[in-house]
Amino acid sequence: MSPPSLQKHDLAGKRIIVSGAGLSGLAFVCALERYWSHDHPKPELVVYERSAAVLDRKREGYTMNIKPESGLHALEELGLLEAALSNSTVGTNGIQPLPTFWTKEWKPMLDLNTPEKLKQASQGKGNTTIRLVRHVLRDILLDSVPAHIKIHWERGCSSAQVLEGGRMRIDLNDGSYDECDLLIAADGANSKVRSVLLPDETLSYTGANCIMGTSRFPSGKPEILRENWGMSISGRGVPFLTFPVDQTTGVWALTYKSGQPRKRIRGDEAAERKGEILAEVRERGNMFHEPFNQFVEATDPLTLQVFSAMHKYPIDHAQKLSHANVILIGDANHPMSPFSGNGANMALLDAVVLAQQLSTCSSLRTAVETFDEESIPRSQKAIDRSHWTIELLHARGVKFWILRCFLVFVSLFIRLKMLLNSFKS
């Protein structure tokens, strides 16, 4: 019997199509190239993406949490950790690495930025979350894609069907089609592949709606947000969140709970309806003190978005797609609401874990089963946590005062711990 490393690999010399050149699709391509054994002929990788190669940086200018145990771990596996740390929007440029919780009057309830955390962030060390602008992270990944791998821009998947033996065919939006031995669906929350093959796997409304925009301050952001960022919790069911991009730019989001989801508004439509949308923001956030109105007034209309927070739990591929050689990753498999703070993290980790399994397991079925064993509980946990976050941020009445007392207690505990450490030193 031949040694395992010399057994024929299911995907050796086969054709793999990746539908989507977002975070998960690009990370998968980089990871498979990195992990594939030299003992087997490489599979041919082809990528199709509906968007243009050059993104609209205003729409993609929001920042994302990248966490040590997931997103940063994945980037380290890809050899991209230093690039990610050097582009972080927090812990650099004088901006605090961790969020602050404020009252509606912008009085701090909890500030996690201890001297130790500040020192770790400045050195790029420690168990500290970073924030990256989405298009920056996408460019870091894109620059790492091997030159021989072809990405077909503005040719997105419009449909998919299963061929004999589980092979896949995808129809493209330019009228052409392509076939492959394995299809990696990385085409986002509104995945065409998922909608065709699994029409019942639809998104669920979380009960919260969001209005978001980017504010630009040529002379510098309001003083309270030059170094700090985080969330102002009103106690009236409406939080106002601020995320730094740099010293003159910040992303904000106002959210509220509702029994009904909203139609998405963005791009030119949002710019045309700027007055109406911002009037709603002011009305819903009328309890917030300055710099709330300063942020609203400085909003770039082309960055405005109105949307409902949606999510979907991941599938078990063996149960749902045993007849098809297709694997869903990232938002195509488990779209997450922004309240999970984990969409990019789960997408990056999915890509790396799947590439590792496909590279080391000689059987495609074993690779998919092992991937699901790791991915399903991880992503389910992230989605479940988002429910708790929604309740926390939108707390009212007694719930809000319990939350406020808890945050004050944690703040006092941190200060006491710092004081004790100073005595010891």
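Mentor: Asp 181 touches Lys 14, Arg 15, Arg 167 and Asn 325, leaving aside residues up to four places away in sequence. One caution comes with that list: the model is predicted. With Arg 167 there is also a polar contact, side chain to side chain, at 3.0 Å. Asp 181 sits in a loop, with β10 (177–180) on one side and β11 (182–185) on the other. Is Asp 181 buried or exposed? The cut-off for buried is under 20% relative accessible area. Asp 181 has 17% relative accessibility, so Asp 181 counts as buried.

Step from that loop into β11 (182–185). β11 belongs to an open sheet of five strands, in the order β7-β2-β1-β11-β18. The pairing in this sheet is parallel. β7 (150–153) and β18 (326–328) are the edge strands; each has a single partner strand, so one side of each lacks a neighbour in the sheet. From one strand to the next, the twist averages 20°. Take the β7 end in detail. Four bridges link β2 (residues 44–49) to β7 in the parallel sense.

UniProt, in an unreviewed entry, places "domain: FAD-binding" at residues 179–386. In the model that span is 38% helix and 28% strand. Its end C-alpha atoms lie 38 Å apart.

Now the other sheet. This one is open too, with eight strands in the order β5-β4-β13-β14-β15-β12-β17-β16 and mixed pairing. Its edge strands are β5 (108–111) and β16 (265–266), and each pairs on one side only. Walk in from β5. β4 (residues 100–102) runs antiparallel to β5, and three bridges join them. Here Thr 100 stands opposite Asp 111 of β5. Towards β13 (residues 230–233), β4 pairs in the parallel sense, over three bridges. Trp 102 has Ser 232 of β13 as its bridge partner. Met 231 stands opposite Leu 241 in β14. β13 and β14 form a hairpin with five residues between the strands. Gly 235 in that hairpin takes a positive phi near 85°.

At the β16 end, look for a helix. α9 (residues 274–284) lies across β12 (204–216), β15 (249–257), β16 and β17 (299–311). Against β17, α9 runs at about 65°.

Last, α2 (residues 68–77). Which residues of α2 are buried? They are Ser 70, Gly 71, Leu 72, Ala 74 and Leu 75. These cover an arc of only 160° around the axis, which puts them on the same side of α2. What do the buried residues of α2 pack against? Their partners are β3 (63–66), α3 (81–86), β6 (130–133), α5 (134–144) and α12 (343–360). After α2 comes Gly 79, with a positive phi near 75°.

Definitions and conventions:
Residues are numbered from 1 along each chain as its sequence is written. This is a predicted model: local features need pLDDT of at least 70, side-chain atom pairs count only at pLDDT 80 or more; totals for chains, interfaces and linings use all residues. Side-chain values use heavy atoms; hydrogens and water are left out. Buried means under 20% relative accessible area, exposed over 50%, partly exposed in between (1.4 Å probe, protein chains only). Helices (H or I, at least four residues) and strands (E, at least two) are DSSP runs, numbered from the N terminus. The arc is that of the directions from the helix axis to the C-beta atoms. Contact means heavy atoms within 4.5 Å. Two strands pair if DSSP finds at least two bridges between them. Axes are lines fitted to C-alpha atoms, for helices over the stretch in contact, and angles run from 0 to 180 degrees between N-to-C directions. UniProt positions are given in the numbering used here, feature names are shortened, and annotations may be inferred rather than shown by experiment. A polar contact is a pair of N or O atoms within 3.5 Å; within protein, one must be able to donate a hydrogen and the other to accept it, and residues adjacent in sequence count only if both atoms are side-chain atoms.
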